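Below are my notes, in the sequence in which I looked things up.

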Amino acid sequence: MIRARITGTGSYVPEKVLTNLDIEKFLDTNDEWIRARTGISERHIAADGEQTSDLATRAAERAMEMAGVSADEIDLIVVGTITGDYPWPATACVVQANLGAKNAGAFDVSAACSGFLYALSCAVDRVEAGRAQKVLVIGAEILSRIVNWEDRNTCILFGDAAGAVIVEAGEGDRGILSTHLHADGTQLELLYQPGFGTKNLPSVEALKDKSYFLEMQGNEVFKVAVRSMASVAKIALEANGMTAEDVDLFIPHQANIRILNATAKKIGLKDEQVYINVDRFGNTSGATIPLALDEANRAGRIKEGDILLLDAFGGGFTWAATLLRW
Ligand code: UT7
């Protein structure tokens with residue numbers, strides 16, 4: 001059996017850091033509230049002129065370097081993003097051009113904060129079917145450009161980043177063990193961006209009242225996020241005959257420290273099994289999991305043979321889990 005395996009990780013965050021204290025200066029909020037309610041202290045913000053594809057390309061280059069894979073060896077590029085450079089074409093195509101990956105197909109996946117795990121599942125399926133040998137999977141976002149910086153309920157949460165992995169065909173028991181995707185579109189307005197798609201075209205009114213920005217009913221989303229992430233994590237463990245004790249590292253979507261802790265508790269995980277970096281980057285949507293994975297990997301936190309549980313929840317709603325042996 002062909003097994004899809006992650007052979008390289010990379011990430012990139014923009015240079016500019018925006019702290020809670022910086023936000024206090026222009027918004028009716030404070031560092032204490034943000035840290036207590038979200039666990040976030042600071043986030044990185046893309047510079048003027050810096051695009052999602054730029055972040056994605058830099059993360060990709062680092063993953064390729066670690067894997068020892070050159071641009072022309074890549075068969076496919078999949079980018080999970082909801083803040084692409086353009087509505088279309090895909091940001092994956094811009095990355096393909098930036099890298100000079102002349103033998104690669106390229107497309108984006110829109111699954112909000114679950115985008116990276118959805119993108120990864122496409123790579124795994126192609127590789128396991130024998131239709132691709134080396135796939136570049138990226139989660140990249142510039143959320144700072146779609147949040148309303150006058151809305152204290154949302155803007156304090158988000159940041160900009162990119163993370164990438166190289167997925168290669170291999171054999172043996174190391175690699176992706178299973179991926180589980182779920183969605184429920186019946187409550188999409190609890191977390192979405194109303195404009196500008198075909199439903200809400202650009203208009204002077206929308207620009208004036210800022211009704212095209214990301215909107216979220218935080219309280220409602222919080223409850224569904226914990227329930228869904230815990231449930232899909234248990235499904236992934238059960239599918240592989242494992243329990244919470246088998247997990248060496250749990251890398252959840254970094255939305256809010258309270259969501260992470262509540263989810264980990266529901267799954268039955270101990271604090272030392274959970275990777276947390278939301279304090280330094282905030283919620284970077286589709287980028288949180290590959291960014292955390294790369295950090296953990298480069299810090300030597302992951303050893304060969306370790307069991308990793310990746311778990312995400314986001315707009316749609318979408319949620320997903322991936323279990324893998326490193
Ligand atoms: O990426 C996946 C999707 N996103 C998420 O998973 C995020 C899910 N939700 C959350 O993380 C939390 O719901 C928030 C952090 C957004 C909000 O935390 P909360 O504990 O649910 O607070 P709340 O919305 O119930 O608001 C409590 C109070 C309110 O004041 P009143 O009505 O009680 O007087 C808010 O107006 O806190 C107020 N508040 C703030 N105060 C200071 C809301 N935002 C702020 C703020 N600074 N930034």
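**Domains.** I began with the contacts across the chain: 47 residues of domain 1 touch 44 residues of domain 2, where contact means heavy atoms within 4.5 Å. Domain 1 covers 3-172 and domain 2 covers 177-325; such bounds come from an automatic or database domain assignment. I noted 14 Å between the C-alpha centres of domain 1 and domain 2.

**Ground rules.** I am working from a predicted model, in which local features need pLDDT of at least 70 and side-chain atom pairs count only at pLDDT 80 or more, while totals for chains, interfaces and linings use all residues. Residues are numbered from 1 along each chain as its sequence is written, and side-chain values use heavy atoms, with hydrogens and water left out.

**Domain interface.** Next I looked up the area: domain 1 and domain 2 bury about 3600 Å² between them, and 62% of it is on carbon and sulfur atoms. Buried area here is the accessible area (1.4 Å probe) that two parts lose on being put together, summed over both. Which three residues supply more than any other three of the area that domain 1 buries against domain 2? I wrote down Cys113, Leu117 and Tyr118, with 18%.

**Ligand shell.** I then turned to the ligand and found 22 residues around it, the closest being Thr29, Arg37, His253, Asn256 and Asn283. A residue gets in if one of its heavy atoms lies within 4 Å. Each of domain 1 and domain 2 gives at least three residues to this shell. By type I have 11 nonpolar, 8 polar and 3 charged.

I used N or O pairs within 3.5 Å. A polar side-chain atom of Asn283 sits 2.7 Å from a ligand oxygen. Taken alone the ligand exposes 950 Å², and the protein buries 76% of that; accessible areas are Shrake-Rupley values with a 1.4 Å probe. Helix 2 (31-38), helix 7 (218-239) and helix 8 (257-267) are the elements that give two or more residues to the shell. Helix 7 has the largest share, 4 residues. Helices are DSSP runs (H or I, at least four residues) and strands likewise (E, at least two), numbered from the N terminus.

Technical notes
A polar contact is a pair of N or O atoms within 3.5 Å; within protein, one must be able to donate a hydrogen and the other to accept it, and residues adjacent in sequence count only if both atoms are side-chain atoms. Ala, Val, Leu, Ile, Met, Phe, Trp, Tyr, Cys and Pro count as nonpolar, Asp, Glu, Lys and Arg as charged, and the others, Gly among them, as polar.
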